[in-house]
Amino acid sequence: MTSIQARGLDHKALNDRLRAVQGDCVIEGCCGQRFIGAGMSGREIVIRGTPGNALGAYLNGASITVTGNAQDAVGDTMNAGRIVVRGNIGDAAGYAMRGGQILVQGNAGYRAGIHMKAYQDKFPVMIIGGRAGSFLGEYQAGGVIIVLNLREPSGKTVGYFPCTGMHGGKMFLRSECRETVFPDQVTARPADDADREELRGLLGEYCRLFGLDEAFVLSAPFTVVTPDSRNPYRQMYVAN
Amino acid sequence: MKREGQVRIPSGCAIAAVISRAGERMDGGLIARAMEPMHDRSNGLGGGFAGYGIYPEYRDLYALHLFFDTRDTRKECEAFLREYFEIVHSERIPTRRIPAITGEPIIWRYFVDPLKSMLASLQLDEKEYVARAVMRINSENRGAFVFSSGKNMGTFKAVGFPEDVAEFYRLDEYSGYCWTGHGRYPTNTPGWWGGAHPFTLLDYSVVHNGEISSYDANRRFIEMYGYRCTLQTDTEVMTYILDYLVRVQGLSLAEAANVIAAPFWSTIAGERAGDPEAAERHAFLRTVFPSLLVTGPFSIVLGFTGGLMALNDRLKLRSMVVGEKGDRVFVASEEAAIRTMEPDAENLRAPAGGEPVIIRVKEGAY
């Protein structure tokens, strides 16, 4: 892998260097440079340090691995590919993503998966190993969000107001969610066998990546959340 | 001097802070470097810093930092100051001429002591007396503006990028136990020297990233208590709200945070089962101070003598990260800024919306 030293480069210089280098590469000493890997496809990028906001925005098939934490808006509007973060991610991760995977070992900030959507063969997946902040899956329109809360199982899996405005897609929370209040337009229920089978298919790669025992991850109760209506705005507008 | 509000620019900011819990002093170059990785959060229309513990030789005097647009305004303002204060020492604030900072006003500092006779005849406590004098200069004396008025602390601000502002004010020549920094991206006003952050009153300073939608409701309320919002910017009103709640009303910082970033009624209802006392307190504060609920996005750091408080709006519409290493605690809009100050920072976390992070320096160490 080619190595790029990010120290002293602003976001433009770093991304120009990244584009000039063909094939896989490692970015060393990253500190806050934004838009890393924006729109890229067909290559692997490893980042050491702290990448800036909008990491992998519009990502189109490339695979990005961050060894530490990532900041806000990871995978903003990503189309395809994979972003793996071994630490925590900031707010608004996967904003409007419509394909690919965001796999996080740690916690997610507020508004993870906001306005996530699926389209034809595009099906985005976000898996968070720790906890998620408030407004998880706000306006979610498609795809799957999974929160595992493996780090502090005694604490709440999600913050306040999850699924606000959710009208598509599916959410799996590894918790009975007794204290969590969901909005009226979604249904939250315990996972059944079919859900667990679906989870098994989604979690396999994640568990391999982070060295987790899949049977253990699946051994806890899961809550499944789906929206009630195919057209939640029906009552709000005049039909035409 | 063109003031805020004479032009309106429809429109993000960067904040950072470091504090030593042991009261060890750090030079201002540290906070200036923290602003570098966040450069793109500002647009060059404002940068500033507040340092605490920077004037130990004048620690018992109020340090007034002022901008003047002409020499005559300065003379006039000094005459006003002499009516109310003994000016123990006054000087131009040392600056470094650099191409990136232009159009500077005349910048002076005065180390002053309120006149005891005046204090006695007005029957005011010292802080109220100083606050009123500052309000008077800033609202009546066009062409003069007090941008710092605390003891053993000072703010330094200008139109420019924060890194340049730090160089302009020779920030690396000061050392303090706590620093806050701001890079501005003005959203509603054009950006002038007085409008850069931090905003201060006495030893309270606020750096803010966000845009408050409740500005006018908050302003109308706070102006009933003698504060005058002269700048048409939301951070100014936030500074006065915190001064009013903490200094005047005697609330704790955590209570003040529960007023301005109050939990939703639905959240308070949820608390009744598990923590009825908290539910009661939150409901009380919302009921007593409904007009001081601050809505809209904000992340702020409030600096004060001996500590700081970091706070996000209740919906957490702005980012904020906290980390620590040894006796130092770091706060910033981005983790990258913390890593610049301390590459090995530990316990990095993003506080929840409305959750105040209050750090105090060990008693006697500042």
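This is a predicted model: local features need pLDDT of at least 70, side-chain atom pairs count only at pLDDT 80 or more; totals for chains, interfaces and linings use all residues.
Chain A has three helices and eleven strands, while chain B has eleven helices and 18 strands. At the contact between the chains, 16 residues of chain B meet 17 residues of chain A.

**Chain A overall**

- Starting from the N terminus, the elements of chain A go β-α-β-β-β-β-β-β-β-β-β-α-α-β. Chain A is as compact as a globular protein of its length, because its radius of gyration is 18 Å and the globule rule gives 18 Å for 240 residues.
- The C-alpha trace of chain A covers about 50 × 50 × 30 Å along its principal axes.
- Of the 240 residues in chain A, 50% are buried.
- If you take the contacts in chain A between residues at least 6 apart in sequence, 37% of them link residues at least 24 apart.

**The sheet in chain A**

- Eleven strands of chain A make up an open, mixed sheet, ordered β1-β2-β3-β4-β5-β6-β7-β8-β9-β11-β10. The edges belong to β1(A) and β10(A), the latter covering residues 186-190; each has a single partner strand, so one side of each has no neighbour in the sheet. From one strand to the next, the twist averages 15°.
- β4(A) then pairs with β5(A) (residues 80-85), in the parallel sense and over five bridges. V66(A) turns up again here, with V85(A) in β5(A) as its bridge partner.

**Helix α1 of chain A**

- Helix α1(A) spans residues 11-20, and its buried residues are H11(A), L14(A) and L18(A). These sit on the same side of α1(A), because they cover an arc of only 70° around the axis.

**A residue to look at in helix α2 of chain A**

- R200(A) sits in helix α2(A), which takes in residues 193-210.
- R200(A) counts as partly exposed because 14 other C-beta atoms lie within 10 Å.
- Between the C-alpha atoms of R200(A) and A96(A) there are 25 Å, and the two residues are 104 residues apart along the chain.

**Chain B overall**

- Buried residues account for 51% of the 366 in chain B.

**A buried tyrosine in chain B**

- Y62(B) belongs to strand β4(B), residues 62-68.
- Why does Y62(B) count as buried? Because Y62(B) has 26 C-beta neighbours inside 10 Å, and 20 or more are enough for that label.
- Beyond its neighbours within four places in sequence, Y62(B) is in contact with V112(B), V130(B), S149(B), G150(B) and K151(B).
- I87(B) is 25 residues away from Y62(B) along the chain, and their C-alpha atoms are 9.7 Å apart.

**Where the chains meet**

- The contact involves 16 residues of chain B and 17 of chain A. On the chain B side, α9(B) (265-274) and α11(B) (335-341) each contribute at least two residues. The largest share of that side is the four residues from α11(B).
- Sorted by class, the side of chain B that touches chain A has six nonpolar, five polar and five charged residues.

Technical notes
Residues are numbered from 1 along each chain as its sequence is written. Chains are lettered from A and ligands numbered from 1 in the order in which they are written. A residue is buried if 20 or more other C-beta atoms lie within 10 Å of its own, exposed if 12 or fewer, and partly exposed in between; C-beta atoms are placed from the backbone. The arc is that of the directions from the helix axis to the C-beta atoms. Two strands pair if DSSP finds at least two bridges between them. Axes are lines fitted to C-alpha atoms, for helices over the stretch in contact, and angles run from 0 to 180 degrees between N-to-C directions. Two residues are in contact if their C-beta atoms, placed from the backbone, lie within 7 Å. Ala, Val, Leu, Ile, Met, Phe, Trp, Tyr, Cys and Pro count as nonpolar, Asp, Glu, Lys and Arg as charged, and the others, Gly among them, as polar. The radius of gyration is taken over C-alpha atoms; the globule rule is 2.2 Å times the number of residues to the power 0.38.
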